[in-house]
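I opened my notebook to look up a few things in this structure, one entry at a time. Follow along with the picture beside you.

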Amino acid sequence: MVLDGLYYTKEHEWVKVEGDIASVGITDYAQGELGDVVYVELPSTNKKVSVGDTFSTIEAVKAVSDVYSPVSGEIVEVHRELATVPDLINKDPYGSGWMTKIKIANHDDIKNLLSADEYRKLIGE
Amino acid sequence: MSELLWEIEKEGRIGVKLPKSDVPKYESKKLLPDNMVRKSEAKFPQLAEQQVVRHFVELSAKNYHLDKSIYPLGSCTMKYNPKINERLANLAGFTKIHPLTPDEYVQGALEIMSELGNGFCKIGGMDAITLQPAAGAHGEITGLMIMRRYHEAQGNPRKNVVIPDSSHGTNPASIVLSGWQPIEIKSGPDGKIDLKTLEKYLDKDLAALMVTNPNTLGIFESDIEKVADMLHSVGAQLYMDGANMNALLGIARPGDFGVDALHYNLHKTFSTPHGGGGPGSGPVAVKNHLEPFIPKPKIVFANGKYSLDWDIQQSLGKVQAFWGAFAVIVKAYAYILSLGADGIRKTSEDAVLNSNYLRAILEKYYDLPYKSTSMHEFVLSGEFLKKYGVKTLDIAKRLLDLGFHAPTIYFPLIVHEALMIEPTETEPLETLDAFADAMIRIRKEAEENPDILKSAPHDTAVRRLDDVAANRNPILTWWDVKS
């Protein structure tokens, strides 16, 4: 499942842009590949990130995977509930499974992200 | 499920009557700081000896192990452990010596360590060795720290270590702990190191490249000499993870294709036990230019005597208690002596032959994403079975029903739904055929009756375990269950 209106990365993050804020999570495809998530390591707020930085690590039963920042900026909100209910990422990856909100430093970063159609093509959907 | 010893204990039941203590009693409170002294009584289950014996015999009957059948865990080299290894390592002359016994009374033990080290140097084409590291990952970090010492002595510790994306998960961890930054490079379409990508990182900041050869796809890195030349041209080092040495023994020597340091896994390649039957052992062999930095003490032979040399100025120091896992060293020595040079080469030839035999059968029924002849192992993908709702995990569980240990699954990460199969040289043709038949049967079941896979295992002592719940809510002791 790939939602229209979101942006995507080749590393399977989704990005929802609202004004200066980018909400970030991992895609439905990514959660399916990882399998049941058992632990999420979350960043602290106010942390500065650049495109491609690892800001979180997701531990599933079969693999551990880094989550990369799709944009540069500052982490302004972190979804702390994932620390105790990590399976939100499996159940609702685009909704209650969101991970962080980043204040976008440079809107040009968005141009480098994939559209829903481009991402569908990438995963062969 | 078997009951735990805690569940069958009875207050007051005694297994062994201990003799009266003939040494003076010391108060632990007087000898240890307060925070190290136990505040409550130690808890032991109260049982008769026979109950304990029956308990463990029952568990051992349920256990799956190499003495029962094939254990095709890719990357782990679960070969048969010859019983003579155990007999020799259990000789009183080995088990009763204290590690601090003066050199002159343990000449035999020192000779074994020295001779085994020489043998490993010969097998790898290397110049010097330390037997200390406790396992493969410990060997990795020891090897990298030796390289770091070397770079520091050259005046620049450097910053980066390149690893291919097919590498073992412990590689990046060892790099970070050694104070470097790991840089992962994508493998080429043939599953090998992509020289063009490597070229981008060739500079004075590059400390080393870590490679497993053959790599975790079971493919020999045929450009390895070129890779070594490229690295050496900027002063960088080539580290080889020797996890897959079982493909190369007596055929190709890492030292001859440009490797500067490598570790061996005695519990893989040299037939010593894995895991619970261990401990492991991960000796690190190096070329001459790295020798000044290897851990001390070094075993030296002079004037007809072996001794431990502690006077090595630039040495990394000690990386393990005493002299390494000595009993494991004895077992590995017994192994290479009983095989001899011809037998050692035959080991790898048969390991590669067995792997190719299974691959040639199974690639007709499963997907082989990196098309190539195999070395000692090969990697299939179960991705195409998703259309029946079947995952690689289901294949692995179904294999248990059919009497086989599952192969390594979901590794390497660059293959989706990976099944990594390493039969090893010790399996006879009949066992390989029986394993192949089971895999073929499962392939048919996936189409015709996928539910039998999804609900597997059916015939094991316990059904499918809820590993998600176990990870999310680990219960680690009996006292957590009771409370």
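**Notebook: loops, sheets and an interface**

I started with N303(B), which sits in the loop between β8 (298–302) and β9 (305–309) of chain B. I kept in mind that I was reading a predicted model.

Next I looked at peptide bonds in chain B. The bond from F411(B) to P412(B) is cis, and its omega is near -5°. Where does P412(B) lie? I located P412(B) in the loop between β11 (408–409) and β12 (418–421) of chain B. I then found that A456(B) and P457(B) are also joined by a cis peptide bond, with omega about 0°. P457(B) belongs to the loop between α14 (450–454) and α15 (467–472) of chain B. I marked both bonds in my notes because most peptide bonds are trans.

**Entry 3, a sheet in chain B.** I followed β12 of chain B into an open sheet of three strands, ordered β10-β12-β11, with antiparallel pairing. Why is one side of β10 (378–381) and of β11 in chain B left without a neighbour in the sheet? Both strands stand at the edges and have a single partner strand each, so each has one side without a neighbour there. I then checked how β10(B) is joined to β12(B): four bridges connect the two antiparallel strands. As one example of who faces whom, F378(B) is opposite I421(B) in β12(B).

How many bridges pair β6 (residues 54–60) of chain A with β7(A)? I wrote down five, in the antiparallel sense. Within that region, S56(A) has V67(A) of β7(A) as its bridge partner.

Over all chains, the structure holds 25 salt bridges. I picked K62(B) and E58(B), whose closest N and O atoms are 3.3 Å apart. Why are these two separated by about one helical turn? K62(B) and E58(B) are four residues apart in helix α3 (residues 49–62) of chain B, and therefore about one turn separates them.

Last, I went to the interface. Eleven residues of chain A are in contact with nine residues of chain B. The area buried between chain A and chain B is about 830 Å², and carbon and sulfur atoms give 52% of it. I also looked up polar contacts across this interface and found three residue pairs. Between chain A and chain B there are two salt bridges. One of them joins D87(A) to R472(B), with the closest N and O atoms 3.8 Å apart. Which elements of chain A each supply at least two residues of the side that touches chain B? I listed α1 (28–34) and β4 (37–41). The residues on that side of chain A divide into six nonpolar, one polar and four charged.

Notes. Residues are numbered from 1 along each chain as its sequence is written. Chains are lettered from A and ligands numbered from 1 in the order in which they are written. This is a predicted model: local features need pLDDT of at least 70, side-chain atom pairs count only at pLDDT 80 or more; totals for chains, interfaces and linings use all residues. Side-chain values use heavy atoms; hydrogens and water are left out. Contact means heavy atoms within 4.5 Å. Buried area is the accessible area (1.4 Å probe) that two parts lose on being put together, summed over both. A salt bridge is a side-chain nitrogen of Lys or Arg within 4 Å of a carboxyl oxygen of Asp or Glu. A polar contact is a pair of N or O atoms within 3.5 Å; within protein, one must be able to donate a hydrogen and the other to accept it, and residues adjacent in sequence count only if both atoms are side-chain atoms. Ala, Val, Leu, Ile, Met, Phe, Trp, Tyr, Cys and Pro count as nonpolar, Asp, Glu, Lys and Arg as charged, and the others, Gly among them, as polar. Two strands pair if DSSP finds at least two bridges between them.
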